[in-house]
Amino acid sequence: MPGYLKDRDTKQTVVRGFYVRNDCYRLDRKHSTITIIGKNMKLRYATDRVREGKTGRLDVIYDRLKDAWYAFIPVDVVVAPAKQAVVSGKPEKVGSVDLRICNLVAFYAEGERPVVYSGRAVLSDYVYRTKKIAEMQSRLSEKQHTSRKMGLFYRTRTRRFKHATRAMLKDLFERMKQIGITKVAVGDLSGIRDGNNLGAHTNQKLHNFWSHAQTIQWIQHLCEDYGMDFAQVSERGTSKTCCVCGQGHNGRVHRGLHVCEENRVMMNADVCGAANIWNVAVKGELLPSTTRLPSSSRVMANPLVLRWDYAHWK
């Protein structure tokens, strides 16, 4: 191992891994081996499949938490271009996505039943593992900042959250594909955390749990895969504006319930925000007070709610 890789505290050389240029190793997929040319070193790997294509630099990394070695090889593969969802002669169909915390996503498209992905199970799992990490940290000595078990808990917490989010977006895009969505509009949340101090409990959800920037990036990548256009629009006023009457009143009378007193219409508050994002994306502004969305109160108040069972969204 390179001698300059040293631990910050003990100053001892640590094992982290090594890197091999793409023309200095040979990959044998048939026998599951990697041969380092000129070093008399042959490594066996356990994965059952390696993608075909031009290979890049070999990174052999030691994972101290798992006490195991992993090899990473980037492979250039030829991917067939995604079939465009836009059919010639048919108008563009826009779907809007409103990113939330308690409800991770609210989806709205004109003429379709709204969809809400409840984040309660995902948040509960995150908070449970955060408390476990805090308990472990309280048992450490003053000179010890972390431990192997804590590192594994941190990693598991992150991976479980990412798995739930990716599964949610995959389910959402499959639904959008079925109804013929050609463009996805997402609210721009830049700077939403700036200067927000709402207490320990809410700060944990807003600043630690809610990774909206990463979710938007994944949405953008999936739009490329599914042949849909991606757009970010201003989210200013979408939560406080009624999507039915266009008034700037805050109609939340209960958690998750929005009421328009002028038209006597009840709706899900997150769906109301998603509908406002749809209006900004399609019409360039929030609904004026003289227009109405072509949706009934029953549909807006009772969206399809999907919950995470730690394996699927149902």
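Q: Let's begin with a loop. Where is the place of S32 in the chain?

A: S32 sits in the loop that runs between β2 (25-28) and β3 (33-36). Keep in mind that this is a predicted model.

Q: What is the phi of S32?

A: S32 has a positive phi of about 55°, although S32 is not a glycine.

Q: Does S32 count as buried or exposed?

A: The cut-off for buried is under 20% relative accessible area. S32 comes out at 18% relative accessibility, so S32 counts as buried.

Q: What share of the contacts comes from residues 24 or more positions apart?

A: Take the contacts in the chain with a separation of 6 or more: residues 24 or more positions apart account for 59% of them.

Q: How do I read a helix pair, and at what angle do α1 and α2 cross?

A: Start with the axes. Those of α1 (residues 120-138) and α2 come within 10 Å and cross at roughly 170°. Angles over 145 degrees count as roughly antiparallel, and that makes α1 roughly antiparallel to α2.

Q: Which residues of α1 and α2 meet?

A: On the α1 side, V122, Y126, I133 and M136 are among them, along with D125, R129 and K132. Their partners in α2 include M150, F153, Y154, F161 and A164, as well as K149, R157 and R160. By class, the contact has nine nonpolar, three polar and six charged residues.

Q: How does one look for empty space inside a model?

A: Rolling a probe the size of a water molecule over the atoms shows where empty space is left. Here the count comes to one cavity of 30 Å³ or more, and the largest cavity has a volume of about 100 Å³.

Q: Which residues line the largest cavity?

A: The lining includes L99, R100, L104, V105, F161, M168, W210 and H212. Elements that give two or more residues to the lining are β10 (103-109), α2 (148-178) and α4 (212-226). The most comes from α2, with three residues.

Q: What classes of residue make up the lining of the largest cavity?

A: Seven are nonpolar, four polar and one charged. F161 is a handy one to click on: F161 is in the lining, and F161 is also one of the α2 residues that meet α1.

Methods
Residues are numbered from 1 along each chain as its sequence is written. This is a predicted model: local features need pLDDT of at least 70, side-chain atom pairs count only at pLDDT 80 or more; totals for chains, interfaces and linings use all residues. Side-chain values use heavy atoms; hydrogens and water are left out. On a 1 Å grid over the protein atoms alone, a cavity is a set of points where a 1.4 Å probe fits but cannot get out, and a pocket is an open set with protein on both sides within 12 Å along at least five of seven lines; lining residues have an atom within 4 Å of a point. Grid points are joined across faces, edges and corners, and a volume is the space filled by probe spheres set on the points. Helices (H or I, at least four residues) and strands (E, at least two) are DSSP runs, numbered from the N terminus. Ala, Val, Leu, Ile, Met, Phe, Trp, Tyr, Cys and Pro count as nonpolar, Asp, Glu, Lys and Arg as charged, and the others, Gly among them, as polar. Axes are lines fitted to C-alpha atoms, for helices over the stretch in contact, and angles run from 0 to 180 degrees between N-to-C directions. Angles under 35 degrees count as roughly parallel, over 145 as roughly antiparallel, 65 to 115 as roughly perpendicular and the rest as oblique. Contact means heavy atoms within 4.5 Å. Buried means under 20% relative accessible area, exposed over 50%, partly exposed in between (1.4 Å probe, protein chains only).
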